[in-house]
Number of protein chains: 2
Amino acid sequence: MYIVILAGGSGTRFWPVSRHSRPKQLISITDGPTMLQRTVDRILPMKPKRILVVTNSQQAKETEQQLAGYRTKVPVDVLAEPVGRNTAPAVGLAATIIAAHDPEGVMVVLPADHYIRNEVQLQQALQLAIHSARNGWLMTLGIVPTAPETGYGYLEADTAMRGIGPFPVTRFVEKPDRATALAYLEAGTFFWNSGMFVWRADMILQEIDRHLPELAGPLSRISFGDVWELGDLAGQIEQVYQTVPSVSIDYGVMEKSDRVQMVAADIGWSDVGSWSALAEVVDPDQQESVVVNCAAYINVASSGCTVSGNGGVVATVGVQDLIVVATADAVLVCPRDRAQDVRAVVEELQQRGLNRYL
Amino acid sequence: MYIVILAGGSGTRFWPVSRHSRPKQLISITDGPTMLQRTVDRILPMKPKRILVVTNSQQAKETEQQLAGYRTKVPVDVLAEPVGRNTAPAVGLAATIIAAHDPEGVMVVLPADHYIRNEVQLQQALQLAIHSARNGWLMTLGIVPTAPETGYGYLEADTAMRGIGPFPVTRFVEKPDRATALAYLEAGTFFWNSGMFVWRADMILQEIDRHLPELAGPLSRISFGDVWELGDLAGQIEQVYQTVPSVSIDYGVMEKSDRVQMVAADIGWSDVGSWSALAEVVDPDQQESVVVNCAAYINVASSGCTVSGNGGVVATVGVQDLIVVATADAVLVCPRDRAQDVRAVVEELQQRGLNRYL
């Protein structure tokens with residue numbers, strides 16, 4: 001079993017902790033290991049043969065450094081895309097490499113920047129998916145929804161008469177409006193699209209060949225040596241990325257394939273899309289405060305604050321539902337319900353040429 | 001003319017920039033020189049003979065360091081009180097020292113932690129006060145009020161038929177309530193008590209002798225050498241402070257003396273009592289933001305914020321009338337109208353034993 005970690009994200013919504021050179025997956029938004037490292041940690045007990053991490057050239061060095069400590073336990077390869085082309089080319093490249101050495105090898109595709117509270121349940125769900133993947137299915141993990149989320153895509157599955165699954169996926173749906181999300185939650189047949197997939201390398205390549213021939217063509221022309229010396233592929237990867245389309249594996253393959261099944265996963269999952277989601281990851285205190293990276297949080301008549309410090313003290317007096325984030329060189333204050341607007345801060349920094357804070 | 005600067009304050013309302021070891025007068029709440037240094041800077045053009053700074057033993061070293069650069073221009077003495085006893089003992093001690101060398105020397109008493117926008121007007125007002133002080137009056141500067149302030153003490157003066165003054169002071173009044181403050185503002189005969197005084201050393205000692213004999217006694221027993229070697233006095237000062245009463249010069253002498261006159265001063269004065277007063281010192285921008293110590297302030301849909309950074313970026317999104325202060329190891333967020341409650345933060349730090357942040 002091979003792990004493929006998609007780690008090329010470049011989100012701005014965790015500014016000022018996340019920066020261009022250190023996007024979400026390369027930071028710890030709580031304490032301790034980074035999100036990338038946690039992604040590896042939670043999968044290591046499943047004893048993968050290798051880990052392939054697909055990132056981009058700007059982040060490759062930091063990614064290598066963060067994973068250096070794991071190389072005594074499992075071979076780790078870091079592939080740098082010369083340019084981001086969404087997930088289909090990244091998945092296709094990883095599958096091509098695995099298939100060159102082990103055509104029927106099962107690959108587990110994991111985003112590097114999600115949070116999963118129940119690691120044992122994750123491993124069990126993946127194990128079920130691996131069984132089905134060996135039989136040729138394209139497996140996806142569907143998260144059992146706990147709220148009418150409008151920020152996630154959904155899968156609809158045919159759950160009737162099938163026990164604990166796996167279930168055939170009947171359709172993929174984009175982010176719904178609130179009313180639709182409520183209907184999904186009540187229906188019980190809709191699941192959050194987690195972006196976690198399991199399949200045989202040869203099977204996903206067969207489906208890419210069918211549904212994305214403009215990607216399959218360039219990938220099929222990559223030639224391999226006998227060893228896992230992926231550094232030798234850099235020139236060929238450069239070539240491939242000059243022509244491949246920018247498309248997600250969901251839209252490009254999964255929505256069109258008739259070989260897709262789903263394992264339901266109730267695993268305490270969050271994509272931690274912004275500072276306001278920190279409350280899904282860290283248990284709030286009695287004043288509904290969520291506090292990380294502080295020597296102390298001094299709360300005078302405040303409630304509902306999300307606080308990420310720079311190791312020292314953060315104090316709030318008489319404020320409600322604010323996000324307060326401090327780093328060595330930047331501070332952010334923003335209401336919890338405007339966490340998405342952190343993007344606007346990053347845009348203004350860009351416009352004003354304040355690159356050292358980006 | 002001698003300058004006596006009262007620099008022994010230990011306020012907590014500018015936390016986290018001010019700390020026990022660096023109270024308000026020893027920090028810059030804007031940019032550049034500290035409040036103590038600004039106090040010296042604005043008086044230097046008046047060519048004082050000497051500057052005596054009265055502080056306490058914990059702050060003496062830092063005070064010496066901040067004033068070291070001025071010694072090429074004017075002799076500077078730093079006196080360390082072994083224990084704080086309000087302003088009357090500090091003033092009396094300075095007057096005793098000056099009188100020992102120059103009995104009719106005029107001393108100008110200045111608090112070290114006030115802000116004055118119009119320095120030329122200050123110097124002119126002091127010059128007028130010095131003229132009257134030479135004739136034996138105890139002079140005080142009364143600030144022409146610009147708002148019905150409830151946080152200041154007031155002087156009432158007999159301004160009728162006296163042109164630009166000086167004016168006899170008819171009474172001292174404590175901090176008024178709002179209605180009274182409004183009446184004071186309309187009356188035109190009330191002024192803010194600035195804590196700035198001008199008198200001859202022998203005259204204030206004479207009044208201390210009359211109204212505060214328990215202070216005058218110990219002071220009169222201090223013996224001096226022929227030179228300004230104030231370090232030699234440490235032992236005697238220690239003795240004096242074991243018995244002197246803790247009382248302000250206003251309450252202990254000025255309110256009781258019939259030799260008090262006032263010069264009206266319209267000098268852009270503020271005692272900068274809390275973070276909310278920063279708006280009196282720094283010009284707000286179009287969003288009513290007041291910003292100091294920032295490489296940049298990124299304002300997304302915010303207004304009325306008071307921002308003191310740690311040299312980097314501060315960003316606010318969709319918040320109004322907040323104080324945001326960052327230092328290397330601490331962050332404060334507080335509504336402008338609760339700036340007084342910063343005190344509660346300091347108290348909690350004390351209770352929790354977080355002394356390194358005090």
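This is a predicted model: local features need pLDDT of at least 70, side-chain atom pairs count only at pLDDT 80 or more; totals for chains, interfaces and linings use all residues.
Let me start with strands β6(A) and β9(A), the latter covering residues 190–200 of chain A, which pair in the antiparallel sense over four bridges; here two strands count as paired if DSSP finds at least two bridges between them, and strands (E, at least two residues) and helices (H or I, at least four residues) are DSSP runs numbered from the N terminus. Within this pairing, T140(A) has F197(A) of β9(A) as its bridge partner. Residues are numbered from 1 along each chain as its sequence is written, and chains are lettered from A and ligands numbered from 1 in the order in which they are written.

Strand β6(A) also has a parallel partner, β10(A), residues 260–265, to which six bridges join it, and there G142(A) stands opposite A264(A).

Now to the two chains together. Chain A can be laid on chain B with an RMSD of 0.1 Å by a turn of 180 degrees and a shift of 0.0 Å along the axis, the superposition being by least squares on the C-alpha atoms of residues with pLDDT of at least 70 in both copies. The two copies are therefore related as by a two-fold rotation axis, and the C-alpha of chain A nearest that axis belongs to A328(A), at 3.3 Å.

Both chains contribute to an open sheet of six strands with mixed pairing, in the order β12(A)-β14(A)-β16(A)-β17(A)-β15(B)-β13(B). At its edges stand β12(A), 290–292, and β13(B), 296–300, each with a single partner strand, so one side of each is left without a neighbour in the sheet. Inside this order, β16(A), residues 322–326, and β17(A), residues 330–335, pair in the antiparallel sense over five bridges, and V324(A) stands opposite V333(A) of β17(A).
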